[in-house]
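Reader: I have a new structure open and would like to go through it. Can you take me along step by step?

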Amino acid sequence: MKDYLAQIEKLGKDAAERALIRDLATDPAKREVFDRLASHLRVLADQVEMAMVERKAGTDPSQP
């Protein structure tokens, strides 16, 4: 469970860092890339959190 929490925290921090870089970037192409990275990392954090909740509830479909 601690592994899940650590990954959620790390992904959240990484997403926030990419969003900061996006906000500071002056090149539109770089802004777009860092926006996509921040969004993707946020989705990954959400998916890890959902997996943690499912596993805790015993509803993980990948577990027999």
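Author: One term to begin with: a contact means heavy atoms within 4.5 Å. This is a predicted model. Among contacts in the protein chain between residues at least 6 apart in sequence, 60% join residues at least 24 apart.

Reader: OK. What does the secondary structure of the protein chain come to?
Author: Two helices and zero strands.

Reader: How do the axes of helix 1 and helix 2 cross?
Author: They cross at roughly 165°, and the axes come within 8 Å. Angles over 145 degrees count as roughly antiparallel, so helix 1 and helix 2 are roughly antiparallel to each other.

Reader: Why give both an angle and a distance?
Author: Because two packed helices are described by the angle between their axes and the distance between the axes.

Reader: And which hand does the crossing of helix 1 and helix 2 have, left or right?
Author: The crossing is left-handed.

Reader: Which residues make up the largest nonpolar core?
Author: Seven residues do: I8, L11, A15, L41, A45, V48 and M52. The largest share, four residues, comes from helix 2.

Reader: Pick L41. What does it touch, leaving out residues up to four places away in sequence?
Author: L41 touches L11, D14, A15 and R18. Of these, L11 and A15 are in the largest nonpolar core along with L41.

Reader: R18, then. How far apart are R18 and D35 in space?
Author: Their C-alpha atoms are 7.1 Å apart, and the two residues are 17 apart in sequence. D35 lies in helix 2.

Reader: What about A51? Where is that found?
Author: A51 is in helix 2. With a relative accessible area of 27%, A51 is partly exposed. The C-alpha atoms of A51 and Y4 are separated by 8.5 Å, although the residues are 47 apart along the chain.

Reader: Back to the whole chain. How many of the residues are buried, as a percentage?
Author: Buried residues make up 20% of the 64 residues in the protein chain.

Definitions and conventions: Residues are numbered from 1 along each chain as its sequence is written. This is a predicted model: local features need pLDDT of at least 70, side-chain atom pairs count only at pLDDT 80 or more; totals for chains, interfaces and linings use all residues. Side-chain values use heavy atoms; hydrogens and water are left out. Buried means under 20% relative accessible area, exposed over 50%, partly exposed in between (1.4 Å probe, protein chains only). A nonpolar core is a set of buried Ala, Val, Leu, Ile, Met, Phe, Trp, Tyr and Cys residues joined through side-chain atoms within 4.5 Å. Axes are lines fitted to C-alpha atoms, for helices over the stretch in contact, and angles run from 0 to 180 degrees between N-to-C directions. Angles under 35 degrees count as roughly parallel, over 145 as roughly antiparallel, 65 to 115 as roughly perpendicular and the rest as oblique. A crossing is left-handed if the near helix is turned anticlockwise from the far one by less than a right angle, and right-handed if clockwise.
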